[in-house]
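User: Please go through the structure shown below with me, one question at a time.

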Amino acid sequence: MLEREIETLPWMEQLARDDASYRKQLGYLFARSAFYREKLAAAGCSSAEDVGGLDKIANLPLTDKREVKATCTPDEPIGTHLCAAPDEIVRIYSTSGTSGTPSYVPVTAEDLDNWVTGSARSYAASGIAPGQRIVSTYNAGPFVAGAALAAFERIGLSHIPVGTGNTERLMKAVQLLQPDAVVVTPSYAAHLVEWAAEHGLDLRASSVERVLVAGEPGGGEPAFREKLEDGWGAKVTEAMGIGDIGVSLWGECEEQSGMHLGARGFAHVELIDSETGAALELEDGVRGELVLTHLQHRAAPLLRFRTRDHVELWTSPCACGRTAPRVRCIGRTDDMLIVRGVNVFPTAIREVVSGFAPDVSGYILVKPEAVGVKQQPPLPVSVELARGATPDAALARAIGERLRDVLVVQTRVELVPWGSLRRSEYKSTLVEH
Ligand SMILES: [Zn+2]
């Protein structure tokens, strides 16, 4: 454990500390954030005292990304939630932003240091130890994920960055430098298993004992994880960050029972019903949309930020001794489809389909017919067969029945030949409108 004293602190004590940080942060927002002064005034609060402590946080309005974005102008390109003076800001990241102008994510030196601390705890939870070698495939680039690279030095690892999109360089590093771990997206980890097989390389015989996956959901889904662990002959654990809040906030331990909050003390966690916005009780097995609040952030802090990630959460003790709650990402709101009133995540479809290995490759593509989220059944799903397998009506039928039983969704399964769905060196596209 990177910081045993902090990571094993009883959760109630953590919450007491967080409450003190939160009250201070509120004072800072009222003093410096035009965005929150206005937003909280509209909710009837004109000072930190009016708002109160963490026990009353659910009374405050939620913050949606679009709302922040709407305050950006040529004069205020970052948005009116910017609190820090220009000379306090040491770095400005941007998000990929699907439409035109990216969103900017500034950080102060202290913010950045806190990000690296949380990220280091999250990655260290995987069991990787100081002195070991890790190959990373993230680019420093414009994105927040680049800040996670500093976590590897913080842990005391020997870091071998190879960047995105260069499989030959990556495999050469694995063969020649004998790393103990690689950090990749789950899609890329799956692609590398196939690539190695095609090039006559035995990944199972490589030095890699841990595959750390992040960047998209999937690494924690049992059938998908089993496929990766089998292909690599290595233990797979996940990590997850939220661009606007911080890098690798969550990291899974060797118990593989969800990602612990590595950023404890820096971010406060809530879950809400994504339709009504109502706060949910944090108890074992609860599912909802993750809402996060910065507790000690300086540059552009957010309060009750809707992450659009749907997660399952657990609070029960973990055998590793870490006391922070754990989550598994079920999917992004942006990817969710509603089929006759039922919420369906493409990653959940992939997980059910992966249960049909070795008959299927594990690659799927959902092809909704209607524009937008709401779909009429049956939902068309292409399922890729395993190498050399021939289409079999009974298999398609069995997959359709399992999807209906597990996800309560009626689908039209089309089996497609091996290799016909696109592989990704970064994040997978599971839905194609
Ligand atoms: Zn644990």
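Predicted model: local features only at pLDDT ≥ 70, side-chain atom pairs only at ≥ 80, totals over all residues.

User: Which residue is the bridge partner of Glu289 in strand 12?

Analyst: Strand 11 (residues 286-294) and strand 12 run antiparallel and are joined by six bridges; two strands pair if DSSP finds at least two bridges between them. Helices (H or I, at least four residues) and strands (E, at least two) are DSSP runs, numbered from the N terminus. Within this pairing, the partner of Glu289 in strand 12 is His310.

User: Which residue of strand 13 is the bridge partner of His310?

Analyst: Strand 12 also pairs with strand 13, antiparallel and through six bridges. Strand 12 is mostly covered, with nine of its 10 residues buried; buried means under 20% relative accessible area, exposed over 50%, and partly exposed in between (1.4 Å probe, protein chains only). In strand 13, His310 is partnered by Gly331.

User: What is the geometry of the zinc ion site?

Analyst: The zinc ion is coordinated by Cys253 (SG), His260 (NE2), Cys318 (SG) and Cys320 (SG), at 2.1 to 2.3 Å. Donors are N, O and S atoms within 2.8 Å of the metal (3.2 Å for Na, K and Ca); water is not among the atoms, so sites may look incomplete. Four donors count as tetrahedral if all angles lie between 85 and 135 degrees. With angles of 101 to 114° among the four donor atoms, the site is tetrahedral.

User: How many residues apart in sequence are the parts that Cys253 and Cys320 tie together?

Analyst: The donor residues follow the spacing C-x6-H-x57-C-x1-C. Cys253 lies in the loop between strand 8 (246-252) and strand 9 (259-261), and Cys320 in the loop between strand 12 (305-314) and strand 13 (326-332). The pair therefore ties together parts whose separation in sequence is 67 residues.

User: How many disulfides does the structure hold?

Analyst: A disulfide is a pair of cysteine sulfur atoms within 2.5 Å. The sulfur of Cys72 is 14 Å from the closest cysteine sulfur, in Cys83, and is therefore too far for a bond. For the structure, the number of disulfides is zero.

User: Which residue of strand 19 is the bridge partner of Val381?

Analyst: Three strands form an open sheet of mixed pairing in the order 16-18-19. Its edge strands, each pairing on one side only, are strand 16 (360-366) and strand 19 (411-416). Strand 18 (residues 379-385) and strand 19 are parallel, with six bridges. In strand 19, the partner of Val381 is Val413.

Technical notes:
Residues numbered from 1 in each chain as written. Heavy atoms only, no water. Tetrahedral: all angles 85-135°; square planar, octahedral: opposite > 155°, others 65-115°.
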